[in-house]
Amino acid sequence: MMSYVDQELTVEDMLADPIVQTLMRYDGISASDVRHTIEQATQNRIEKLANDDARSSHHTRLHWAASNTTGNRLRHTAA
């Protein structure tokens with residue numbers, strides 16, 4: 001009878017699998033190549049999310065400045 005796994009494998013579990021190791025050897029890819037690629041993709045995603053957050057908050061932020069012509073009154077301008 002076939003059993004099903006209820007949890008996802010980690011990258012390390014997958015890299016330890018003999019079939020995966022055989023395919024990687026055939027393709028000339030090492031476990032460190034895979035880890036490096038994952039680290040790069042993670043870093044790129046973090047940077048993209050940070051840039052997207054900065055860009056969206058820039059467009060919605062209001063800047064308040066003292067008006068030269070109105071004395072103590074404040075005016076807002078879109079960023």
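Mentor: Start with the elements: helices (H or I, at least four residues) and strands (E, at least two) are DSSP runs, numbered from the N terminus. Thr 42 has its place in helix α3. This is a predicted model, in which local features need pLDDT of at least 70, side-chain atom pairs count only at pLDDT 80 or more, and totals for chains, interfaces and linings use all residues. Residues are numbered from 1 along each chain as its sequence is written, and side-chain values use heavy atoms, with hydrogens and water left out.

Trainee: What does the secondary structure of the chain come to?

Mentor: It comes to three helices and two strands. From the N terminus on, the order is α-α-α-β-β.

Trainee: Why is Thr 42 called partly exposed?

Mentor: Buried means under 20% relative accessible area, exposed over 50%, and partly exposed in between (1.4 Å probe, protein chains only). Thr 42 has a relative accessible area of 42%, so it is partly exposed.

Trainee: What lies 2.9 Å from a polar atom of the Thr 42 side chain?

Mentor: The backbone oxygen of Ile 38. A polar contact is a pair of N or O atoms within 3.5 Å; within protein, one must be able to donate a hydrogen and the other to accept it, and residues adjacent in sequence count only if both atoms are side-chain atoms. At the start of α2, a side-chain oxygen of Asp 17 reaches to within 2.8 Å of the backbone nitrogen of Ile 19.

Trainee: Which side chain meets Arg 35 in a salt bridge?

Mentor: That of Glu 12, at 2.8 Å, N to O. Arg 35 lies in helix α3 (residues 31-60) and Glu 12 in helix α1, so the bridge ties together parts that are 23 residues apart in sequence. Arg 35, at 32% relative accessibility, counts as partly exposed, and so does Glu 12 at 43%.

Trainee: How many salt bridges does the structure hold?

Mentor: Two. Asp 52 and Lys 48 also meet in one, again 2.8 Å, N to O. Both lie in helix α3, four residues apart, about one turn of the helix. Asp 52 has 28% relative accessibility and counts as partly exposed, whereas Lys 48 has 52% and counts as exposed.

Trainee: Why is helix α2 said to lie largely in the open?

Mentor: Of the ten residues of helix α2 (residues 18-27), the number buried is one, so the helix lies largely in the open. Just after α2, Gly 28 takes a positive phi of about 75°. Across the chain, buried residues make up 4% of the 79 residues.

Trainee: Which residues does Ala 31 touch, not counting residues up to four places away in sequence?

Mentor: Leu 15 and Met 24; contact means heavy atoms within 4.5 Å. Ala 31 is found in helix α3 and, at 23% relative accessibility, counts as partly exposed.

Trainee: Which residues form the nonpolar patch on the surface?

Mentor: Leu 9, Val 11, Met 14 and Ile 38, with about 320 Å² of accessible area together. Accessible areas come from the Shrake-Rupley method with a 1.4 Å probe; for residues, only the protein chains shown count as cover. Patches are made of residues with over 30% relative accessible area and no salt bridge: like charges are joined within 9 Å, nonpolar side chains (Val, Leu, Ile, Met, Phe, Trp, Tyr) within 5 Å. Val 11, at 32% relative accessibility, counts as partly exposed.

Conventions. A salt bridge is a side-chain nitrogen of Lys or Arg within 4 Å of a carboxyl oxygen of Asp or Glu.
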